[in-house]
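Colleague: Thanks for sitting down with me. Could you put the model up, so that I can ask how its labels were reached?

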Amino acid sequence: MARGYFTRFLLVIVAASFSVVITTITLIRPGNDIPIATRLVDDNLPPSTGRTTPYSEEDRRRNEFRKIDLNPGMECDEDCQMEIQRMRKETISQQCLALGMAKQNLTAQLNAKFLKKLDHFIVMDRHKIIYSYIPKAGCTNWKRVMLVLSGRANSTQVLEQKETHVLAEKYLRTLDKYTLDQARLRLETYTKFTFVRDPFARLLSAYRDKLEKKTSLNGTFRKDWSKRMKKLTELFRRYRLRGVDLNTTFHEFVDYLADPGHHLLDPAEEHWIEMYRLSHPCAIEYDFIGKVETLDRDTNFVLNNIIRVPSKKIYFRNSTNPTNSSDGRKLQKYFSDVPIKDVKALYDRYAPDFKIFGYNEPNILPSGSEDCKCRVNR
């Protein structure tokens, strides 16, 4: 018995000989994996000096709404939608500041040069709304809605894809067509909204729609851009293009977009220009930011609560040219053939879109060197 006490006494002395022992204690709320508080304890200091960082009620509430944010299957009433909008706007403000693009009073500083960049802002004077459209983020369907609201079409269901864009170009007025004073007044007083999408899913959608296969809608566009992306020599361009199907691979597409020399082309191609460069969220205060991931929920909210046209009266139809690019399996399939270094370079270009609009950085899982293939998980 005495020997046992002596052994334990030695163990205590050995443990005490360490100058500092730091223990991390994380408390878990029952039924949830969210830490409530983390306490760092320094055994050489009195217990009262231990530092405690509480996991606040606000933190818990924000986490709950984050779960709902990109989950279309979860119910979200009007109060919930307003809270999610508050979060999305807060993220934009924080990230704009972090990226050195702090919000400015655009309406006071608006000039002719910047006004020309607002050619993707559709204005509906009758409804006092401005819709900033981003290609490959639900814009075709929203243009259909705008055409119906303007009286140029009776129903969204009768408008096919090509016809929609032709009519929108002809009849829908964009902000850059107004005078400076008129544009400034509308930016100050109209309700402004936009829809965004996971940046990599948007790029995959652009590739599948515009470049992967020749269709009746992309023939000329596909040929012209494939010449650039395949880095063809002038001799090949001149003598060998007749009758040749230029099949741009997804890797070639990624390689072209990731090349720093192609980042700031002017004019930039709207289908893969960064979303923040089209919508200017660091300069314009949006009233609503919708996401393709929660398209139905967000669309119904805009129609019912912002435009105030019952969603039952305007049918927001499904895509007439679906690419299913938001499907994680599709992303995995296409990115699996792209070397990690190229995916990283692509992310570097579109990182502001991920950060400003609250999308997680893609989970790139290397299996070896920088030249190996990768997995992009969602």
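Colleague: What makes the link of Cys-76 and Cys-80 left-handed?

Modeller: The angle about the S-S bond is -100°, and the link is left-handed. Before we go on, this is a predicted model, where local features need pLDDT of at least 70, side-chain atom pairs count only at pLDDT 80 or more, and totals for chains, interfaces and linings use all residues. Residues are numbered from 1 along each chain as its sequence is written, and side-chain values use heavy atoms, with hydrogens and water left out.

Colleague: Why is the pair Cys-76 and Cys-80 called a disulfide?

Modeller: A disulfide is a pair of cysteine sulfur atoms within 2.5 Å. The sulfur atoms of Cys-76 and Cys-80 are 2.0 Å apart, so the pair meets that rule.

Colleague: How many disulfides does the rule give?

Modeller: The count is two. Cys-96 is joined to Cys-282, with S to S at 1.9 Å. That pair links distant parts of the chain, 186 residues apart: Cys-96 is in helix α3, and Cys-282 is in the loop between α13 (275–279) and β7 (288–291). Helices (H or I, at least four residues) and strands (E, at least two) are DSSP runs, numbered from the N terminus.

Colleague: How do you know whether Cys-96 is buried or exposed?

Modeller: Buried means under 20% relative accessible area, exposed over 50%, and partly exposed in between (1.4 Å probe, protein chains only). Cys-96 has 0%, so Cys-96 is buried. Cys-282 has 9% and therefore counts as buried too.

Colleague: And what makes Asp-79 exposed?

Modeller: Its relative accessible area is 63%, so Asp-79 passes the cut-off of over 50%. Asp-79 lies in helix α3 (residues 78–98).

Colleague: Why is the contact of Glu-274 with Arg-277 called a salt bridge?

Modeller: The term needs a side-chain nitrogen of Lys or Arg within 4 Å of a carboxyl oxygen of Asp or Glu. The closest N and O atoms of Glu-274 and Arg-277 are 2.9 Å apart, so the pair qualifies. Arg-349 also forms a salt bridge with Glu-274, at 3.1 Å. Arg-349 lies in helix α16 (residues 340–356) and Glu-274 in the loop between α12 (250–258) and α13, so the pair ties together parts that are 75 residues apart in sequence.

Colleague: How far apart along helix α3 are Glu-90 and Arg-86?

Modeller: They are four residues apart, which means a separation of about one helical turn. Glu-90 and Arg-86 form a salt bridge, with the closest N and O atoms 3.5 Å apart.
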